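Morning, everyone. Please bring up the structure, and let's walk through it together.

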Amino acid sequence: MADEGYCMKCRAKREFEGQVVTLKNGRPAAQGTCSVCGTKLTKILSMDAAKARGWSA
Ligand SMILES: [Zn+2]
């Protein structure tokens, strides 16, 4: 499942294959890299969306 995030370096939206991670504030996010420049992309997920992808708090 592809995620979509904004790449600050390309200044464009990029699709990426995100890994579900937990941020410092306890919220889930999908993290991956821009396929064009390799910059790390993060997309904040809702709790429900993250749980559907196997995330647990
Ligand atoms: Zn990029």
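Let's start with a detail: which residue in strand 5 is the bridge partner of Ala30? It is Lys43.

First, the ground rules. Residues are numbered from 1 along each chain, as its sequence is written. This is a predicted model, where local features need pLDDT of at least 70 and side-chain atom pairs count only at pLDDT 80 or more, while totals for chains, interfaces and linings use all residues.

Now, confidence. pLDDT is the predictor's confidence in each residue, from 0 to 100. The protein chain has a mean of 95, and 98% of its residues reach 70 or more. Strand 4, residues 28-33, has the highest confidence, at 97. Strand 1, residues 2-7, has the lowest, at a mean of 94.

Next, the parts list. The protein chain has one helix and five strands. Both are DSSP runs, numbered from the N terminus: helices are H or I with at least four residues, strands are E with at least two. Along the sequence, the pattern reads β-β-β-β-β-α.

Three strands form an open sheet, in the order 3-4-5, with antiparallel pairing. Strand 3 (19-22) and strand 5 (40-44) are at the edges, each with a single partner strand, so one side of each has no neighbour in the sheet. From one strand to the next, the twist averages 35°. That angle is taken between axes, lines fitted to C-alpha atoms, and runs from 0 to 180 degrees between N-to-C directions.

What counts as pairing? DSSP must find at least two bridges between two strands. Strands 4 and 5 are joined by five bridges. Strands 3 and 4 pair over four bridges, also antiparallel. There, Thr22 stands opposite Pro28 in strand 4. Strands 3 and 4 also form a hairpin, with five residues between them. In its turn, Gly26 has a positive phi of about 85°.

Finally, the whole chain. With 57 residues, a compact globule would have a radius of gyration near 10 Å, and the protein chain agrees, at 11 Å. That radius is taken over C-alpha atoms, and the globule rule is 2.2 Å times the number of residues to the power 0.38. The C-alpha trace spans about 30 × 25 × 15 Å along its principal axes.

How many of the 57 residues count as buried, as a percentage? The figure is 19%. Buried means 20 or more other C-beta atoms within 10 Å of the residue's own, with C-beta atoms placed from the backbone.

Terms used: A residue is buried if 20 or more other C-beta atoms lie within 10 Å of its own, exposed if 12 or fewer, and partly exposed in between; C-beta atoms are placed from the backbone.
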